[in-house]
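Try each task before you read its solution.

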Amino acid sequence: MLQICLLVAVLSPVVYAQIPLGSRLSVEANNHWVSANGDFTIGFFNHLNGYGLGIRISSGLIPLQKQPVVWIAGGDLRVGNKSYFELTNDGDLVLFDSTRGVIVWASETTDSFVDSAVLQDDGNLVLLKKNKNIVWESFDTPYDTLLPGQNLSVNRVLRAASLKSVSSFYSLRIGVAGDLELKWENDVVYWRSASLHSRSALRAVLASDGALQLFDHMSSPIWSAFGQDHGEPDVKFRILRLDVDGNLRLHSWSKNSNSWKLVWQAVENQCNVFATCGLTGICAFNESGFPVCKCPFTLSSLPGSKCLLPYQQSCESGSSMVKLDHTSLHAIFPPNETVISRVSSTQCRNLCEQDHLCTAATFTNDGTAFCKIKKTQYVSGQSGLSVTSISFVKRCNDPLAVLPNLTKRKPESPSQNTPPTVDHLSVCVSCVIGVSVGTIILFIMIHLALTGYWIYRKRYSFTARNFSTYNIKDCPNPSGLLALSYSQVKDITDNFKHRVGPNTFKGFLPEKQPVLVKDYSITNVAPRKFRSVVLKLGSVHHRNLVRLEGYCCESSYRFLVCEYLKNGSLDKCLEDPVIRKRLTWRKRLGVCLAVARAVSYLHMGCREFVGHGSLSCENVVLDDSLEAIVDEFGLSNFLGDSSDGGGGGSARDILDFGYVVLAVVSGDPKVNRGGCDRAYEKWTGGNAGEIVDKTIDSGVNGDELERVLRIMFWCLQSDERMRPTMGEIVNVLEGAMTVDPPPPPSVCRKKVSGRIESDSDD
């Protein structure tokens with residue numbers, strides 16, 4: 001169903017055709033700019049419990065309640081009820097948000113000699129010079145909709161609208177292979193056009209006759225899709241929209257039915273849209289043939305509630321596997337699966353059952369049999385008779401409320417004529433005595449054997465150590481980690497001989513594997529809490545997170561044993577002239593992206609949210625290839641660090657990430673708030689290159705630098721509500737999302753139309 005956004009009210013004051021400098025639209029005035037033919041209007045409209053500024057189709061042929069918004073300034077930006085949109089005397093289009101007191105979107109055309117603006121008859125808002133050359137156009141910054149004549153180039157993205165105040169996961173773009181792709185997040189392509197791979201597309205165009213086409217560098221069409229009413233001359237309005245459910249659809253306005261008619265869609269089976277149900281279940285078709293979301297993992301669930309796989313690693317009652325025929329499951333947070341080929345369905349089930357991290361497995365045999373192992377509770381998928389896959393879901397065995405009573409009690413008020421019953425649970429006394437004596441003898445023998453073994457281990461502990469089987473009674477071994485005694489910690493560190501930092505020592509496990517041993521004994525954390533944190537961290541695995549190898553929880557001693565990385569922490573590397581020289585612009589961009597991916601995984605990819613809590617250059621280490629690995633994550637729970645750095649949790653991590661990025665770009669690991677403000681002044685003054693570390697000889701890409709600085713300043717906003725999510729940060733650094741110019745990160749003061757607007761958050 002076509003999503004319709006309504007304007008605040010019916011048209012009131014309007015401006016037609018040419019729009020002079022100094023013109024302004026505001027929520028309070030409820031005024032509009034209209035195209036010369038009257039088919040398009042730009043103004044404010046109700047949007048996500050606020051207001052947005054957008055262009056809608058306003059033809060008198062279409063009822064007001066069915067007039068769709070086809071472009072929105074800044075995408076999902078919401079502004080307050082005293083906001084305005086202005087073409088400044090400097091030639092810049094700006095959207096001012098009264099709630100935050102800052103400009104939240106701008107066309108950035110101040111120095112482009114803009115003379116006027118025009119909302120064209122095709123719905124394109126353009127800024128013109130005096131010679132009528134176009135300086136800027138809304139067609140170059142699409143939102144979720146393409147109009148006839150509008151291009152989607154290789155560096156542009158169409159993103160589905162948001163139902164809530166978070167960015168949509170669905171996007172349309174031209175992929176690296178030159179195909180048109182529908183993607184979920186940045187990882188999963190669930191539809192692509194079947195263009196010729198020998199010819200890559202440069203742009204996609206929606207034609208006025210209802211054809212969607214891809215063109216190569218010679219402007220030759222290499223792929224086309226046609227609506228059902230293709231070429232019909234009486235169709236005046238068409239729109240191509242990426243809908244909120246992740247499907248790409250072409251709609252035409254039908255005068256006969258007085259409604260928008262669906263004439264083409266990319267994915268015929270809605271259940272084939274990846275994660276179309278989100279976290280509310282898996283997709284299936286009801287008796288009427290409409291797709292619905294169901295949760296097969298629970299007996300009952302509230303509508304709209306999360307549908308999670310039932311198995312958790314903390315399950316103490318054992319587990320069992322439940323078979324779901326005609327069901328395919330897909331991991332979504334994170335969308336990573338282990339694929340094993342050439343196995344049977346029974347082997348697939350057993351592989352999951354024997355893996356304590358596995359939550360579910362899906363077996364498919366479409367000519368080649370393979371098994372997909374999932375290790376997350378967050379899944380989506382589909383079911384139905386047409387689905388040939390079989391899924392196996394692991395669930396915890398529910399514990400019994402009471403133990404079964406094995407003693408036979410006498411019947412109440414028995415009849416004297418009742419014959420005696422045979423008690424099958426009666427005890428054989430001689431059997432019990434024999435078993436007891438045998439058990440005592442066996443216990444004595446085992447005790448003597450263990451005592452001898454203990455004496456042997458004490459005598460030969462330096463040459464015959466077995467770290468993997470050592471266990472402490474009150475600290476069981478979680479997640480397969482090495483459980484070490486304090487004496488073993490002393491052994492592997494050579495009695496704490498090699499100190500490499502505060503309370504940090506280098507050591508060696510058997511096979512000469514180097515490790516880093518960190519002493520947290522000073523925290524005085526209780527064994528149960530320490531064990532809980534270790535269990536949580538031991539199950540976190542990501543290529544950009546330091547791997548936890550083992551721990552010690554004995555008496556008052558608390559140690560963590562982690563993998564050792566040669567180059568050390570990022571702050572030390574930035575201070576080392578040799579390593580600093582090796583950190584080229586490309587390497588530094590990779591460091592920022594690696595840290596962002598690691599923290600994004602902590603926030604969204606784990607079974608439950610994990611906040612870093614103390615992200616800094618000291619807690620980012622570099623491996624031999626100078627790839628960043630994040631350390632010290634999730635430890636604030638027992639380190640007692642209560643400082644929130646501007647919000648705690650994800651908000652603090654995002655703020656800290658901004659400072660890490662500034663340190664990487666500038667080469668100064670001790671950068672502070674003052675350095676941030678100075679960097680912002682240089683950036684706004686057009687001197688972004690002065691922020692970059694002078695040891696970088698060349699290779700700094702201007703567009704990449706601009707993107708990095710923009711997202712960095714958004715991370716450093718004083719108001720945590722303005723900061724992006726880590727997922728959005730990753731998308732921006734990868735170039736998958738654009739980012740608007742940020743307001744000042746400290747005391748937000750912005751000169752707007754001759755007045756000073758201040759943000760009092762600081």
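**Exercise 1.** Find the handedness of the link of Cys348 and Cys371.

Solution. Start with the sulfur atoms: they lie 2.0 Å apart, and a disulfide joins Cys348 to Cys371. The cut-off for a disulfide is a pair of cysteine sulfur atoms within 2.5 Å. Next, take the angle about the S-S bond. It is 65°, and the link is right-handed. Now place the ends: Cys348 is in helix α1 (residues 345-354) and Cys371 in strand β32 (residues 369-374), 23 residues apart. Helices (H or I, at least four residues) and strands (E, at least two) are DSSP runs, numbered from the N terminus.

The model is predicted; local features need pLDDT of at least 70, side-chain atom pairs count only at pLDDT 80 or more, and totals for chains, interfaces and linings use all residues. Residues are numbered from 1 along each chain as its sequence is written, and side-chain values use heavy atoms, with hydrogens and water left out.

**Exercise 2.** Decide whether Cys277 and Cys293 are buried, partly exposed or exposed.

Solution. Recall the cut-offs: buried is under 20% relative accessible area, exposed is over 50%, and partly exposed is in between (1.4 Å probe, protein chains only). Cys277 has 6%, so Cys277 is buried. Cys293 has 41%, so Cys293 is partly exposed. A disulfide joins the two, S to S 2.1 Å.
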